[in-house]
Amino acid sequence: MDSSFDIEAFIRQRKQTRVVSDLLYDNASDYLTTLGALIRPQMIFGEYLQGAPRGSGREAQHAFKEFTALYDSTANAEPFRLLQELDVPLELLSTAPRLYPHEYDVRLTPTGKVIRVTSPTRWVVGFDGFSLQRFRHIIKDPNRSTAELLRYVVHYLMLFYCVNRAPGLGRLLLGLRFPVSFEKLDEFGSMPFCVVGSPIRSHLPEQDTILRSTEIAGNDTFEELIDVADIESMDDAVKQRLLKAIAAV
């Protein structure tokens, strides 16, 4: 193990990362809350959702047919193994979007130790009250409630479907420098998730640093780090587009 590990410099970078991440999270959350009206499952699905006003019958029927196909291809497979058909009208307990931590596992070599890593600059979008942490717990629980698992699957698929149908939302967030992407996450099979990024990237240091940090902290978790140099060299996308437009004249 590298004996040159500078714990004071590491702690300082951790503090800087946390400050920047909190600011980015607050900005992204504010933007998402403001733009949340563009995520409109009631308007898309109409009478196929409980309490929703009747929409265009043909459009709502088409949307529900697409959603049912998405549900069948995702929910019937591992790790969910849900055989239940969707009941109509669907019940949505929450339609307010919220950001949840983006996490993944890293196996360190040569120790084989598995570390749960959190990104300070990227978040998974879900509905309020449906945390990814709880979702993971339900999936792994051999005595899980099928009804609760079904609710989580339906709510996350519903959010993905609605965001995917609202390209204007993605363009607006990109203009605010918080790009939206669709990704599959470990432990969730083929389920697609909506992920919000930020203007800067975070990264993992060398494995020796990760191992030393987790040994000192006495746990198996680690947060990616942000470099001040990356903030100082941030590119202005608007400026670049304007310069490109001028150069083309």
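A: Begin with one residue and its neighbours; keep in mind that this is a predicted model. Leaving aside residues up to four places away in sequence, Phe 45 touches Ala 60, Ala 63, Phe 64, Phe 67, Met 158, Tyr 161 and Cys 162.

Q: Which residues have the most contacts inside the largest nonpolar core?
A: Phe 45, Phe 135 and Val 153 have the most contacts inside this core, which has 59 residues. Helix H5, residues 146-164, supplies the largest share of the core, 12 residues. There is also a second, separate core of 10 residues; Phe 10, Val 106, Ile 210 and Leu 225 are among them.

Q: How is a pair of aromatic rings described?
A: Two values are used: the distance of the centres and the angle of the planes. The structure holds 15 aromatic pairs. One of these is the stacked pair of Phe 10 and Phe 222, at 6.1 Å centre to centre and with 25° between the planes.

Q: Which parts does the pair of Phe 10 and Phe 222 tie together?
A: Phe 10 lies in helix H1 (residues 7-35) and Phe 222 in strand E5 (residues 221-223), so the pair ties together parts that are 212 residues apart in sequence. Phe 10 is buried at 9% relative accessible area, and Phe 222 is buried at 4% relative accessibility.

Q: What is the geometry of the pair formed by Phe 80 and Phe 135?
A: Phe 80 and Phe 135 are stacked, with 5.9 Å centre to centre and 20° between the planes. Phe 80 is in the loop between H3 and E1, while Phe 135 is in helix H4 (residues 132-140), and the two are 55 residues apart. Both Phe 80 and Phe 135 are buried. They also belong to one aromatic cluster, together with Phe 130, Tyr 152, Tyr 156, Phe 188 and Phe 193.

Q: How many disulfides does a search of the whole structure find?
A: First the general idea: a disulfide is a covalent bond between the sulfur atoms of two cysteines. Here the search finds 0 disulfides.

Q: What should I look for in the backbone?
A: Most residues other than glycine have a negative phi, and most peptide bonds are trans. The peptide bond from Glu 78 to Pro 79 is cis, with omega near 0°. The bond from Val 88 to Pro 89 is cis as well, also with omega near 0°. Pro 79 is found in the loop between helix H3 (57-75) and strand E1 (97-107), and Pro 89 is in the loop between H3 and E1 too.

Q: Where do Arg 81 and Arg 177 lie?
A: Arg 81 is in the loop between H3 and E1; it is not a glycine, yet has a positive phi of about 55°. Arg 177 sits in the loop between helix H6 (167-175) and strand E3 (180-184), and its phi is positive at about 75° although it is not a glycine.

Q: Are Arg 81 and Arg 177 buried, partly exposed or exposed?
A: Arg 81 counts as partly exposed at 46% relative accessibility. Arg 177 is partly exposed too, with a relative accessible area of 29%.

Technical notes
Residues are numbered from 1 along each chain as its sequence is written. This is a predicted model: local features need pLDDT of at least 70, side-chain atom pairs count only at pLDDT 80 or more; totals for chains, interfaces and linings use all residues. Side-chain values use heavy atoms; hydrogens and water are left out. A disulfide is a pair of cysteine sulfur atoms within 2.5 Å. Helices (H or I, at least four residues) and strands (E, at least two) are DSSP runs, numbered from the N terminus. Buried means under 20% relative accessible area, exposed over 50%, partly exposed in between (1.4 Å probe, protein chains only). A nonpolar core is a set of buried Ala, Val, Leu, Ile, Met, Phe, Trp, Tyr and Cys residues joined through side-chain atoms within 4.5 Å. Contact means heavy atoms within 4.5 Å. Rings of Phe, Tyr and Trp (its six-membered ring) pair if their centres lie within 6.5 Å; planes under 30 degrees apart count as stacked, over 60 as edge-to-face and the rest as tilted.
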